[in-house]
Amino acid sequence: MFVAKKRPDDKRNIFHGLKKVCDCDVNRTVRWQEGVWRSLQWTKLEPATTYKDSLTIMDLNPSLRAHTPAESSRSFFADLLVVGALLAILFGSLEVGREWEHPFQASVEIHLSPWWLPYYTLLSFSRGVVAYGISLLFTLLYARWAAYDRNAERFLIPILDVLQSVPFPAFLAPLELLLIHLVPNSVIGLELTCILVIFTGQVWNMTFSFYYSLKNLPDDFAFVGRLARFTGWQKFTQIEIPFATKGLVYNSMVSMAGGWFFLTVIESFSMGSEHFRLPGIGSYMVVAQEKGDGWAQLYAVVAMILMIVVVDQLIWRPLIVWSNKFKIEDTESEFQDTSAVLRWLNRSKVALWLHDWFKQRLQQSVSAKTSTATLISKPKQRIQIPWRFLLIIVGLVSVLIGAYHLFLLLAEVRLSEWLMIAGHLVLTLIRVLAALFLSTLWTVPVGVWIGSNPKWARFLMPITQIAASFPAPMIFPNIVFLICLIGGNHSLEWGSILLMMLGPQWYILFNVISGASAIPQDLRACTQLTHLVGWQRWRTLFLPGIFPSLVTGWITAAGGAWNASIVSEYTTGMQDQPLKATGLGSTISQALADNNLSLLAAAVMAMAFFVVFFNRAVWKRLAVIARERYQLLT
Amino acid sequence: MPEPTTPPIVELIGIDMHFGEGAGESMKVLEDINLTVNEHDVMALLGPSGCGKSTIMRILSGLIRPSRGIVKFRGKPLDGVNPGVAMVFQNFALFPWLSVRENILLGLENSTYNLEEKEQHFHKIIEMVGLDGYGDALPKELSGGMKQRVGIARALIMEPQILCMDEPFSALDVLTAETLRNEIGRIAMDPASGFKSLIFVTHNIGEAVYLARNIVVLAAHPGRVQKIVPNPLPYPRDPASPAFQQLVAQIHAILTNSVLHDEPSITEPEIVTAENPEEVAYAPLPNVTMGEVIGLVQTLRTEPESIFALATRLKKDFSTFLSVIKAAELIDLVETPGQTVRLTKSGVAFQQADIKHRKLLMHDLLLALKIFKHFGDRIDQSPDKEITEEDVINDLTQLFPNERPKILFRQLVGWARYAELFSFDTRHAMLKRFEKEYLGKPPASRLKEAGV
């Protein structure tokens, strides 16, 4: 019935387990189930071999063996590193925990000595990690609900689409007020606000990724789970998570980078006359810029880059290499990611021991569950229905209350203000499009060049990744200073386009590179042999070839540019007085600074709905054209 | 035949080609290739996979530069893309966003013709390849055969001096390929088609004999010219005629010889001990799966059978089939006296054994091969009783400079897994000796055994 089309010689192949189930005696289901479960252990770390064979030394080619003695010491070093890393994590968390105990203080003093920087960086990083944890939890729950509940799916996915387009940093201030009142006299309210805003910068693409993974789960896998009588939890951990891991890990990396974007804004901001400041690398930078301390600014930038590089090397790279194991397709790509850290971890006996210990715990809990849950096959009592019902009721009520308050707020907005919002919307739209145009202008030739030269791509990709992860608003004031030097105080009207480009342009570059590297060699050869040169070659080969990727890049970049308009149209130069460009972004920021909630709500809503409308009207159509006309796959 | 006054269209002189530089990538694909393409020649490049057929064609067209040697076009060294070449690709290489008409007219993009002349040419060509009425279609609407006609039309419209075709029919089904092959034969004979010489890559012997005037038989690892066989049969050729069959048989014999008996450049010359000259030296594993080898053993008998007849009977592509036989011979399951193949003693034993004993037998047979013995020793001598993929690939690179180490590595692991010789954990990229795994044992106790 099932054809084992995957690697037949892989012992832990999922179909191997299925076959056992099919062949087995019914009475022994439990044992087989165990076997299936074991055969589904995607994450197995093999212990060192016990093979004790005679050491026949017949050195045929000693030169080949020069590196073997190093291996045992490598394992020792690996152990040392792992233990060191564990201790570092422990003390780091303790340090961060202490920070949370501080009594409430709206604006802490920031020390500009570089010795404080590691501490500040650690604090900022921990905010990102906590926000990521919430994002992951949200993703797993929300995407699963949307994927399996057809009724809910119909509104959950559009909601996600709208939420994705809302510029959440605009809600920083109202959220702040709310949380400070909820958790008075503690810094926790402030921290939570910060974390929530980072969360809104991380979560959406992760949720979409997990949702699509679940939707694309091949039926065969679901059947295997059903035949092996998996519980819901087993299905989740053994089938769904492994299948979605690759997309989830990649999107987590992107999300983590995206979360830093507003770091300077969220760690240090003012509303009306009140100033809020949390210790962190973002506020360090803000203070350094206010005081005009050039060295401190440089330190902050270096610390930020270091953090990005370290996180990439210690967390994302190993995770990505590890997640390649969950690749469903059989083909092995030419470029294989490598990670030194993962190799070391694999060598370390401590890591192996920890892994086995955790796995055993997990295994015991699952076995316990299976024996009670599935064997005594009592009719399922559907107790989850009231839960869902309750959830919907609660959701509806809160939506209604929210809508009522929103209506009250919006009723205060005058017609002249609505007209102003409309006008500013057009101005910001022009800036966003200009930013996309300028980004495209440089990224297309550069991206095609990099994509056509695999050697350079291997070298340049990590660098562009770091550039993309760097939160551009950190250096906005410095760039604004330069812009003002060149064009005077009103130059932000055009200068904000440059600021807007800084982050999103990288999305376009990445997509162009991947599009260009996917152009088949034969098509390139064909243009060479028909002697097409210069513009002819671009017109027939490169531009149509990268078009689908370019559209994807544009869509992502446009979303980023709209969000960035809040900080790039309204920013502090090197002086106290904020610099403004006329546009919706600055309207939002101004309303925030003036504590004008009704105007803020109106402007944010206008932006969110326009972005969704623009996505539907322009980007989705372009994407359809790209798919139908310019897709390279035959 | 070459006229004394005009220089040959293309000459390849002393061409060497290496691919890749890093460890695990480097490999010599071509060695000392010398070829001359004269006017009115139809040349077939024929050989087993991995002999660099397509690479030769790409060097000849100037798409890639050889590592060593000279390419001459009309007597002058070639710099950049060959101006006299048009190419037909195995996978068509049509631009999916251009219509059939636009795809074909790409060939005239940079010609000196005016619009009207271009139009005339287009109509002539589209009629010649039988694509009338398809001008406005997009490539994705066409069947494979029709797509390849577009590819051929795009090449023909350039009026090239040499028309290069890289396995033009191998992505098509048998019937379509047959039709298109006949038409290429017709077009090649048609003076109106506009090209002077045709050179094509194929692994199909019948195709080569049907179309070519000169058949270049290539040997692999590294790719080199084995023999150039002239084909004097008059056109149109009849595949059923005795003369045709005889030529096919002759080429079969050359190929068989080059794959199965011409050992010196394939094997590693390093150690063949004096006491035991029979011992197989380091020989690379042919790119064949265990399943294919076993399948072959199951169909064979003890009395010798003609390799060619067997390939026909099993409907196997001849050069692929030769690699399977070569693999079986390496393992000592079959022997190949002359142009025939028969089971050895161990082959017979293998054929009659059940799965468990087959594995045991294969275990011993593979251990007799130096390459497996080598890595077995390496594993035993390493402190953790396992070696990394990197180490294996480094060794393979040194032992077989003419092979692609990564493919060889996959081969090695695949065979060793069947024979329960080594196990390889892809996730940690570690090779070790195989042990039976116990399903019920918890990992902690295994750890204790390992002395952790």
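Buried means under 20% relative accessible area, exposed over 50%, and partly exposed in between, with a 1.4 Å probe and protein chains only. By that cut-off A:Cys194 counts as buried, because its relative accessibility is 1%. A:Cys484 also counts as buried, at 17% relative accessibility. The structure holds zero disulfides over all chains, a disulfide being a pair of cysteine sulfur atoms within 2.5 Å.

This is a predicted model, in which local features need pLDDT of at least 70 and side-chain atom pairs count only at pLDDT 80 or more, while totals for chains, interfaces and linings use all residues. Residues are numbered from 1 along each chain as its sequence is written, chains are lettered from A and ligands numbered from 1 in the order in which they are written, and side-chain values use heavy atoms, without hydrogens and water.

In chain B, three strands form an open antiparallel sheet in the order 14-16-15. Strand 14 (386–388) and strand 15 (422–425) of chain B each have a single partner strand, so one side of each is left without a neighbour in the sheet. The twist averages 25 degrees from one strand to the next. Strands (E, at least two residues) and helices (H or I, at least four) are DSSP runs, numbered from the N terminus; two strands pair if DSSP finds at least two bridges between them.

Strand 15 and strand 16 (residues 430–433) of chain B pair over four bridges, and B:Asp425 stands opposite B:Met430 in strand 16 of chain B.

Two helices lie across strand 14, strand 15 and strand 16 of chain B. Contact means heavy atoms within 4.5 Å; axes are lines fitted to C-alpha atoms, for helices over the stretch in contact, and angles run from 0 to 180 degrees between N-to-C directions.

| Helix of chain B | Residues | Angle to strand |
|---|---|---|
| Helix 13 | residues 370–381 | about 95 degrees to strand 16 of chain B |
| Helix 14 | residues 389–399 | about 70 degrees to strand 14 of chain B |
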